[in-house]
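Here is a short report on one structure. Keep the sequence and the 3D view at hand while you read.

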Amino acid sequence: MKRSSPLALLALTGLLLTACGGSDTPQPQPGDTTKPTVTLTAAPKTVQAGGTVTLTATADDNVGVIKVSFYRGSTLISEDTADPYTATDTLGAGIGGPLTYRAVASDAAGNTAEATDSVTVNQVTSTVGSGSATVPGYLANSQGGAVVPGSAITVQGPGGTQNGVTDARGQFTLKLDPGTYSIEFKKAGYAASRIEGFKVVAGTNETLQTIQKNAFATTLPTTAPAVSVKQLVGADAKDFDPAKPAEFKASAGVPVQVTNTATNAQNSPVYTYVGVGGVPGAGFFGTRAIATNDPKNTSFTTTVTLAKNSLRGVRGPTQLYVVAYDSNENRTEVRVPIVITDDQPNDTPLASVRDAKARAVTIAQKVGFNSPIRPTGAPTEMSTLWVDLTWNAPSGVLGGPLGARIWKSDDNKTFMVYKTVQGTASTARDGSASLEVGKPVYYQIEVFNSTQSVRSDVLQTTPLDSFTLTNIKPSENSTGVSRTPTISWDVSKKVGDVRNFYVMVNDYPQQSANCFWGDLLCSGEATDNMFTDDGKTPALMNTGNSYSVAFNVNKTALLPALESNHAYTLDFSAAAYSKSGDAVSIAQDYHKVFYDLDLCNFGGPVCEGQVSNFTTGDK
Amino acid sequence: MNRRLVFGALSAALLLAGCNTASTPQTTTATPPKLDLSSYRTLGSALGQTLPPVSSMLKTGQEGDSSQELVIAYQDRAFVDRLAAHLSARVGGDLPQLGLALLALPEQYSAKRAAAALSLSPHSGLRFAEANNYDAKLPEIPQSSEAGSKLSAQATDPDPLSIKQWWIAQVSADKVRDLATGKGVIVGVVDDDFDRQHEDLKAAGKIVTGIDTSTGKELTPDMPLTNGAHGSGSAGTIAERLGNGVGGAGIAPDAILMPVRIFSPGFSGSFNVARGLVYAVDHGAQVLNNSWGGGGYTQIIKEAVDYALSKNVVVVGSAGNDYRAQMSGPGAYTGAINVGASAGDDMKANFSNIGLRNDIYAPGDNGLTTYINAGLKSPEREQSYGLFNGTSMAAPVISGAAALLLEVNPKLTPYQVKKILAATGDPMKDPRTQGFNRVNVLKAVQAVKAGQIPADGGSVEVVVVDKAEASPITGTDVNLVPLDGQNRGMPYLGRTGNGRLAASLPGAFDPSGAARFFGVEPGRYRVTVAGPSVNVFGGTRDNIVGEINVQSGKNQQLSYTHQVDFYEYSQDAKGNDGRNNTPALATDLTFIPASAFAQGLLFGGTFDNANYVYAPPTTGKDVDHLKFAVGAGQTLTVEALARALGSSAVVQADLLDASGAVVATGKPSAATGRDSVVSFKAPAKGNYIVRFSNQTANEGLGAFYTSIVAIK
C-alpha cells in the first residue's frame with residue numbers, strides 16, 4: 001500500500017470534519033494565523049453579592065469566529081457559538097469582588113483573542129437597594145419576640161432584585177424608589193416570611209416592623225403560603241384593581257375573600273388574619289378578623305367582613321392587611337390599598353384623654369405571639385417584651401370616639417402613627433421589634449372622631465431587661481432537707497430598681513395542704529410572703545445577686561417547722577420594677593402575682609422558671 | 001403477671017379482728033414483763049358499730065364544701081349501710097373493686113366535716129372517708145373560631161392526610177405498620193367524649209362500649225358524640241385508622257378504643273373517675289390514656305391507678321402544659337408513665353412540663369389527627385380534622401405505643417412497657433431535656449420482637465398502725481429513697497392518708513390504710529416512715545428508717561407502728577376544738593352504749609402536748625380526759641398500763657363525775673403489770689370522766705399508755 005503523506009491525511013480529515021460540521025462553518029484556510037478580535041462588557045458594574053452578571057462580547061475574525069468562551073477568573077462559565085455572544089454568571093455564596101471576566105474568541109484554526117472586564121461585588125449589608133426613599137426596618141421572631149439577625153432579605157419590584165441581610169440587632173434599611181415591592185426573608189432554622197404589596201412613598205417612610213418565625217420543624221418545607229385577596233361585591237369575589245384602590249363604605253364594612261394555600265402538602269394553612277389600622281395578628285395586640293383552617297385542607301378560602309370595631313375607626317385612604325400562616329409557621333403578608341369612606345361621620349364631642357399610662361412589660365418566657373410587628377425588643381430568645389398603653393377616654397350619652405391613634409417616637413420629637421384602635425378601646429399594646437431594653441420610648445394617644453381629635457400627654461417608658469432565678473435551694477430533688485431550711489436563690493442579673501420576690505413552700509405533691517408557707521394559692525393574696533430588696537423587708541438577706549430568707553421568718557407558716565420525711569415544692573413569683581413603676585420585668589410568675597394574664601395552661605403569665613421539689617429529713 | 005391487691009387481706013386481719021396485735025413496744029429502756037392484751041376488743045372496733053353523733057357533721061358554714069358527696073373507703077360494706085342510715089344519706093355509688101362507696105348527704109351535713117368526724121378515731125369497717133371535692137381540669141387548647149369552608153379534592157391515597165402528619169414520621173410509626181398495629185388491644189380514652197361516628201375512627205369492632213362516668217351509663221359504639229373535641233384528639237392520636245382512603249393514621253391504627261368520659265364538660269369528680277378506671281380495667285382495657293390533670297394528689301384516684309397497675313394495665317398520663325417541673329395528674333403516681341411533649345426537631349414543646357418525673361417525651365404539637373371541630377354538626381363534624389397539641393397529645397402517642405408493644409407481647413407489665421419505651425427512644429435535642437428520650441416506636445417494637453425485655457419492677461406495701469389498737473394511721477408519709485441511683489435518684493412518695501392542714505381546708509382529714517408502690521425500680525431503698533402528721537393525729541413526729549431491697553417481680557409488705565393518740569381531739573359544748581386536757585373538753589364517748597364495754601374495750605393514748613397544733617396552746621403537762629355513759633348501778637373499771645409496755649411514762653387513772661370532782665383514785669397493781677387500776681359503782685345513770693395523768697416528767701415520744709375500760 002502506498003503511504004499517504006501526513007499533510008494529505010490532515011487535509012482529508014479536515015474535509016471530513018467540515019463536512020459533518022455544517023454549512024456555515026468557515027473552512028480553515030491552510031496557514032490561517034490571524035487572531036480574531038473581541039471585546040467584552042460585563043454588567044452591571046457593581047453587582048450585589050449573590051446577584052447576576054451579564055456578559056456581552058463582540059467578536060470578529062478574518063475567517064470566522066467559532067466560539068466565545070466566557071470565564072470568571074479562570075473558571076469557565078459557558079461558551080457561545082453564535083452572535084450575539086452572551087453569558088450570565090449568577091454569583092454563588094461567598095463570591096466577592098472585584099471580579100475579572102474574560103471572553104476568549106476562537107477561530108477554526110485555533111487562533112484566540114481575549115478581552116477582559118471587571119465587576120465590583122457589593123457585599124450584602126443591611127441596606128437594601130440604593131433608591132431615593134428610605135424605609136427603616138426591624139425583623140423579630142414574633143410580636144414581642146427576639147430579633148432575627150442575619151436573615152437574607154430579597155426585595156423585588158421596580159429596579160429588579162435587591163438583596164440585603166438583617167444586622168445583629170435584626171435591623172435593616174430599604175433604600176428604594178417609590179413604588180410597590182415584595183420583600184422576602186430567609187434564614188436557616190426559620191420559616192419563610194414574605195410581604196407583598198409593600199408600598200414605598202417618597203422621603204422617610206414609616207418603620208416596617210415585621211416577623212419571621214422560627215420554623216416549627218426544619219424538616220418541613222419553609223416556603224411561604226400563596227395568598228390571594230379579593231373583594232366581595234355582592235356575592236362575587238373580584239380582584240382588586242391595582243390602578244384604583246377599592247372604596248368601601250364604613251357602615252357596610254370591608255368584605256373580602258382570602259385564599260391561603262400552603263405551597264407544599266406537608267404543610268396546611270392555619271390562620272388567616274385580616275385587619276386595618278395595623279398589621280393583624282394575635283388578638284392580644286389589637287382587634288382584627290381571624291379565620292382558622294381545618295388542617296386537612298391544603299388550601300383554605302374564607303370570607304371575612306371587617307366592620308365596626310374591627311375597622312378600628314380607620315377612615316379614608318388606607319391599607320388592608322392580610323396575614324396568612326401555615327403549620328410550619330411560614331408567613332405571607334399582603335397589603336392592599338383601599339379607601340374606607342366615612343359615610344356615617346362620628347361627631348361625638350371629645351373629652352380629654354385621662355389617666356394615660358405606658359408600662360413596659362418584660363417576661364422571661366417565649367410566648368411566640370402571631371403578630372406583624374416583631375419585636376426585637378425582647379432581650380433574649382427566651383423572653384418577650386411589649387408595652388401596655390392604657391387610657392381613659394370615656395364615652396357618654398352621646399357616644400364615644402371613632403378611634404384612637406397611637407403615636408410613637410424614639411426621641412420625643414418625631415412621632416409617627418404606630419397603629420389605630422377602635423374608639424371603645426382603653427388599652428393598646430406595642431410589641432414592636434424596635435423596643436429595646438434601656439431605650440426610652442414615647443407615646444401619645446390621640447382619640448378622634450370624623451372631624452377632630454384630642455391628644456393625651458406624652459407618655460414614656462423604658463423597658464427593662466429580662467432576668468431569671470437560678471441556684472434555688474433547697475435544690476430540685478434534694479432529700480434530707482432541714483425542717484427549718486434557709487431558702488436561697490440567685491438572680492441572673494439585677495434588673496430595674498427594686499426586686500420583689502414572693503416565696504412559697506407548698507405541701508405539694510405529698511399534700512397535707514397546699515399553702516404551708518405563703519398563702520397565695522389558698523387566699524389569692526400575695527402580701528404575706530412578699531420580700532423586696534429595697535430595705536423594706538429586712539428579713540430578706542441580699543449580697544450581690546444572691547438572696548436568702550429563713551423559712552418561716554415571719555412566723556406565718558402553718559407549722560413552725562416542715563414535717564419530717566415529707567415532700568414539698570419551693571416556688572417563687574419574682575419581678576423587678578423601675579423606680580417609677582413604668583416598667584416591670586417578670587422572671588417567673590405561675591400564680592399571677594405581678595401580671596394578670598394566663599399564658600400558661602393552668603397558670604399565669606410566666607410559668608418558665610425554677611421550682612424545686614425536695615424532701616425533708618427528720619431534723 | 002396479674003397481681004391481686006393483698007392489702008385487703010392484711011388489713012382485715014388488723015381491723016376486723018379488732019384485737020391488739022402489737023404488744024411489743026418500740027422503745028427498749030427496760031425489759032418489760034410479758035403481757036398479753038390480745039384478748040381484748042379495741043375501742044376502734046366498737047366505734048365501727050357506733051358512729052359519731054350527727055351533730056359533729058352539721059354544716060357550720062365555714063367548711064367551703066363544693067359537693068354534698070362523701071366517699072367512703074370501706075373494709076366492710078355493711079359499714080356503709082349503717083352510716084347511710086345514720087345520716088339518712090343515699091348510697092349514690094358503689095365500687096366494690098376498690099372498696100369505695102359514694103354517699104349523697106342531706107343538705108344539713110357538711111361532707112368535709114363528716115369526713116373529719118369519721119377520721120378522728122378508728123372505726124372498724126372503714127378505711128377512710130374523703131369529701132368528693134377533688135377537682136381536675138381538661139387542658140385548654142385553642143379551638144377553631146371560623147373554619148375554612150372549602151374541601152379540597154382528595155387524591156386516591158389510602159391515607160391522604162398522612163403526608164401532613166409530621167409526628168407519625170418523627171417517631172417512625174409509619175415504619176412499624178408491618179410489624180404491629182395494636183390489633184386487639186383495648187385502650188381506654190379517659191377524657192371527654194370522642195366522636196364514635198368519625199369517618200376515620202368508626203369501623204366494625206374498633207370501638208367498644210365504655211362508660212359515661214357522670215351518669216354511670218354506658219356509651220355504646222352507635223351513640224353519637226355527647227360533647228367535646230379533646231377526646232377525639234386523643235382517640236385519633238392513638239388509633240386513627242390506616243389505609244381506608246380518608247384522613248391520616250394514628251400510632252396504633254388497629255387498637256380498639258373505649259370511651260371513659262370524665263368531663264361532661266365539667267369534671268365528674270374523683271369517685272366517678274375511679275369508677276371509670278375500674279370499669280375500663282374490668283372490661284378488658286389494657287392501656288388507660290389520661291390526657292388531663294391539674295389537681296395534685298388524691299387517694300381515691302391513686303387507689304384506682306393502683307387497681308389498674310395491679311391488674312397489669314398500663315396507665316399513661318400527661319405531664320402537664322405549664323413549662324415547669326411540677327407534678328400534674330395521674331401520670332405522676334408511682335408506676336404510671338408520665339409523658340412530656342416534644343415539637344419539631346426533637347425540641348421540647350415550649351409549654352411542656354419538664355423534670356425528673358417525666359419518663360419520656362412524644363410529639364405534642366401541630367399534630368394533625370381526628371381532633372374534630374366540635375362546632376360543626378353531623379356529618380361535617382365526622383369529616384373534620386384538627387391540629388392537636390399539648391402533653392394531651394403526647395400521652396396518647398405513648399398509649400398507642402404501649403398498644404403496639406402489647407400486641408406483640410401481651411404479658412409485658414406496665415413497668416416493662418415504660419422501661420422499653422424510655423430506653424429505645426432517641427435523645428431529645430433540647431438542652432432543657434438532656435438525658436431524656438423521644439419515643440421511637442419502631443425501635444421499641446423491634447426490641448420486644450427480639451425478646452429484649454427488661455426485668456420487671458417490684459412492689460411495696462407499707463402499713464402503719466398504732467401501738468395500742470393496731471388501727472391504721474392516716475397521714476403518715478412513707479417514702480422510698482433510692483440508694484443506688486434508681487428512678488433517676490428521685491424518691492417514690494407515698495402516704496397512708498391524705499390529711500389536709502386546717503388552715504387550707506378547715507377540719508378535713510382523709511385517713512387511709514396503707515401506702516402502696518407499684519412498679520418500683522429494683523434495688524436498695526431507704527424506707528422512711530414519718531410519724532403521724534402533726535396536723536392529723538398529732539404527736540411528736542417519730543421517724544422510722546429502714547432499708548429494703550426491692551426485687552424484680554416481687555411484692556414486699558412492711559408494717560410499722562407508731563404511737564398516736566386517736567382520742568386527744570375534742571370539742572367543747574360550743575363546738576370549739578381543743579385538747580382533752582380538761583374535764584370540760586373530755587373526749588365524748590358517751591354515744592357508745594355501755595353494753596359495748598361489758599368485756600372491756602382497749603385503746604391507747606399519749607402524754608404529748610405537741611399534737612393538735614391548731615388547738616389553743618396548753619400549758620402544763622398533758623392530761624387526757626375521756627367521758628363515758630354509765631347506767632345506774634353499773635361499775636366503771638379502768639386499767640391503765642404504761643411502764644410494763646416499755647413506756648417512759650407512768651400512768652395514773654382516776655375517775656371523775658360529770659362536774660369534774662374526783663370520785664375514785666387509781667392504785668397500782670404490780671402483779672398484773674397495771675400502773676393504775678380504778679373502779680367506781682355509779683349510784684345513778686350519768687356520764688363519768690376517766691382522767692389519765694403522767695406520774696413522770698417524760699412527755700412526747702415514748703410517753704404512751706394503753707387502757708382497758710369496762711362497764712358492767
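## A sheet in chain A

Four strands of chain A form an open sheet with mixed pairing, in the order β9-β13-β10-β16. Two of these strands, β9 (127-128) and β16 (208-211) of chain A, stand at the edges. Each has a single partner strand, so one side of each is left without a neighbour in the sheet. The model is predicted.

β9(A) is joined by two bridges to strand β13 (residues 171-176) of chain A, and the two run parallel. Within this pairing, A:T127 stands opposite A:T173 in β13(A).

## Domains of chain A

Chain A is divided into the domains listed here.

| Domain of chain A | Residues |
|---|---|
| domain 1 | residues 35-122 |
| domain 2 | residues 226-341 |
| domain 3 | residues 469-615 |

How many Å separate the centres of domain 1 of chain A and domain 3 of chain A? Taken over C-alpha atoms, the separation is 71 Å.

## Chain B in outline

Now turn to chain B. Its secondary structure comes to eleven helices and 36 strands. The chain has 712 residues, and 61% of them count as buried. Consider the contacts in chain B with a separation of 6 or more: 75% of them link residues 24 or more positions apart.

## A buried helix

Helix α8 of chain B covers residues 299-310. Is this helix enclosed or open to the outside? Twelve of the twelve residues of α8(B) are buried, so the helix is largely enclosed by the rest of the structure.

At 1.5 Å a residue, the twelve residues of α8(B) should span 16 Å. The end C-alpha atoms are 16 Å apart, which agrees. After α8(B) comes B:N312, with a positive phi near 65 degrees.

## The nonpolar cores

The largest nonpolar core has 312 residues. Which residues have the most contacts inside it? They are B:V187 and B:I398. Helix α9 (residues 391-408) of chain B gives this core its largest share, eleven residues.

B:I398 touches several residues beyond four places away in sequence, among them B:V316, B:I337, B:V339 and B:I360. B:A362, B:L421 and B:V439 are also touched by B:I398.

A second, separate core has 30 residues. It includes A:A250, A:V276, A:A324 and A:Y325.

Technical notes. Residues are numbered from 1 along each chain as its sequence is written. Chains are lettered from A and ligands numbered from 1 in the order in which they are written. This is a predicted model: local features need pLDDT of at least 70, side-chain atom pairs count only at pLDDT 80 or more; totals for chains, interfaces and linings use all residues. A nonpolar core is a set of buried Ala, Val, Leu, Ile, Met, Phe, Trp, Tyr and Cys residues joined through C-beta atoms within 7 Å. A residue is buried if 20 or more other C-beta atoms lie within 10 Å of its own, exposed if 12 or fewer, and partly exposed in between; C-beta atoms are placed from the backbone. Two residues are in contact if their C-beta atoms, placed from the backbone, lie within 7 Å. The expected span of a helix is 1.5 Å times one less than its number of residues. Domain bounds come from an automatic or database domain assignment. Two strands pair if DSSP finds at least two bridges between them.
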